[in-house]
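Hi,

Here is the structure I promised to send over. Have a look at it first, and then read on for what turned up.

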Amino acid sequence: MSIVSKNEVPGEKPMSDKEMIAEAERALADIARVRDGVGQVIFGQEAVVERTLVALLAGGHALLVGVPGLAKTKLVETLGVVLGLDARRIQFTPDLMPSDILGSEVMEQDEKGKRSFRFLPGPIFSQLLMADEINRASPRTQSALLQSMQEYHVTVAGHRHDLPAPFHVLATQNPLEQEGTYPLPEAQLDRFLMQVDILYPELEAERRILLETTGVGEAEAANVLTAERLKEIQMLIRRMPVPESVVDAILQLVRTARPGVGNPDTDRHVAWGPGPRASQALTLCARARALYDGRLAPSVDDVRALAEPVLQHRMALTFAARAEGMTVRDVIRRLVKTLD
């Protein structure tokens with residue numbers, strides 16, 4: 001099995017295999033404590049917790065989609081506490097302005113009467129930003145997040161302001177709301193590493209929710225990690241080796257999801273497909289999922305498991321496909337089967 005060479009940090013000594021294994025074992029122990037910490041508050045929803053943590057470990061952003069009452073807000077709050085991140089929340093509304101997110105400059109006058117502008121940072125200057133019901137804000141306000149999510153800094157009044165590191169956006173969205181909402185444009189959707197769909201809990205999980213959240217006491221999250229340690233794990237993930245077979249599987253999956261590349265099923269059903277950023281997202285998330293599961297290198301199974309959350313918000317169906325009742329998930333499932 002051939003291996004793609006690891007990405008090394010410029011100016012730093014490359015890690016030996018022994019050092020890589022030692023660092024991975026440390027990271028595995030930390031990730032296990034994070035999983036246990038989240039599990040004390042969030043019951044069930046193992047797939048949702050896994051995918052959200054994979055997105056954060058990979059250093060990206062995630063879009064959480066689900067109907068009200070499925071603990072989307074609770075999950076983000078819990079992750080902020082467990083990971084030791086400075087977390088803030090923005091409730092998106094139609095009248096929210098870009099300055100409410102980014103901050104603004106105010107004029108101040110000192111004791112001598114001299115006037116000057118001072119920048120007051122907005123809630124985006126956090127390490128974990130919860131954009132609650134992001135599709136309820138206007139496109140103008142949504143676009144205020146574009147630069148920060150991709151370039152990790154904002155520009156206000158011509159001045160650049162760097163965001164804290166690490167910086168992650170976990171946005172929530174209610175798929176049922178249609179009136180008074182503004183669907184996210186494709187450019188902003190592409191900034192999200194994954195779209196995590198949150199479904200109704202299983203019977204036993206819902207039973208536990210009823211018993212443990214309606215009494216006098218309620219479980220609270222405890223901090224088990226620091227922001228600096230999270231950054232170290234994220235760098236370790238970028239250094240993990242990737243088998244050539246996994247790279248080939250990612251390229252095959254992403255390229256066959258685009259119309260006009262020779263796949264007749266895609267040409268018939270897909271209006272536009274994922275770009276190279278989808279391949280990057282799959283590579284990073286496959287590495288993160290492998291480490292999350294206790295492995296030192298990703299496999300093709302990781303690509304299969306992550307295909308839907310990584311690709312579904314980066315594709316659109318033709319009118320004919322929608323008329324037939326097809327969904328993007330149906331197309332992705334068919335493409336994943338070609339990897340067998």
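This is a predicted model: local features need pLDDT of at least 70, side-chain atom pairs count only at pLDDT 80 or more; totals for chains, interfaces and linings use all residues.

UniProt, in an unreviewed entry, lists residues 267-334 as "domain: ChlI/MoxR AAA lid". Over that stretch the chain is 65% helix and 7% strand, and its end C-alpha atoms lie 13 Å apart.

Next, the loop between α10 (244-256) and α11 (264-269), where Pro259 is found. Pro259 counts as partly exposed because its relative accessibility is 29%. Setting aside residues up to four places away in sequence, Pro259 touches Thr266, Asp267, Val270, Ala271, Trp272 and Gly273. Its C-alpha atom is separated by 29 Å from that of Thr52, 207 residues apart along the chain.

Helix α12 (residues 276-292) holds Ser279. At 14% relative accessibility, under the 20% cut-off, Ser279 counts as buried. Beyond its neighbours within four places in sequence, Ser279 is in contact with Ile250 and Val254.

Now the packing. The largest nonpolar core has 73 residues, and Leu253 and Leu291 have the most contacts inside it. Helix α12 gives the most to this core, contributing ten residues. Neighbours within four places aside, Leu291 is in contact with Ala24, Ala27, Leu28, Ile31, Ile233, Leu236, Ile237 and Met240. There is also a second, separate core of 26 residues, with Ile90, Ile124, Leu184 and Leu189 among them.

Best wishes

Conventions
Residues are numbered from 1 along each chain as its sequence is written. Side-chain values use heavy atoms; hydrogens and water are left out. UniProt positions are given in the numbering used here, feature names are shortened, and annotations may be inferred rather than shown by experiment. Helices (H or I, at least four residues) and strands (E, at least two) are DSSP runs, numbered from the N terminus. Buried means under 20% relative accessible area, exposed over 50%, partly exposed in between (1.4 Å probe, protein chains only). Contact means heavy atoms within 4.5 Å. A nonpolar core is a set of buried Ala, Val, Leu, Ile, Met, Phe, Trp, Tyr and Cys residues joined through side-chain atoms within 4.5 Å.
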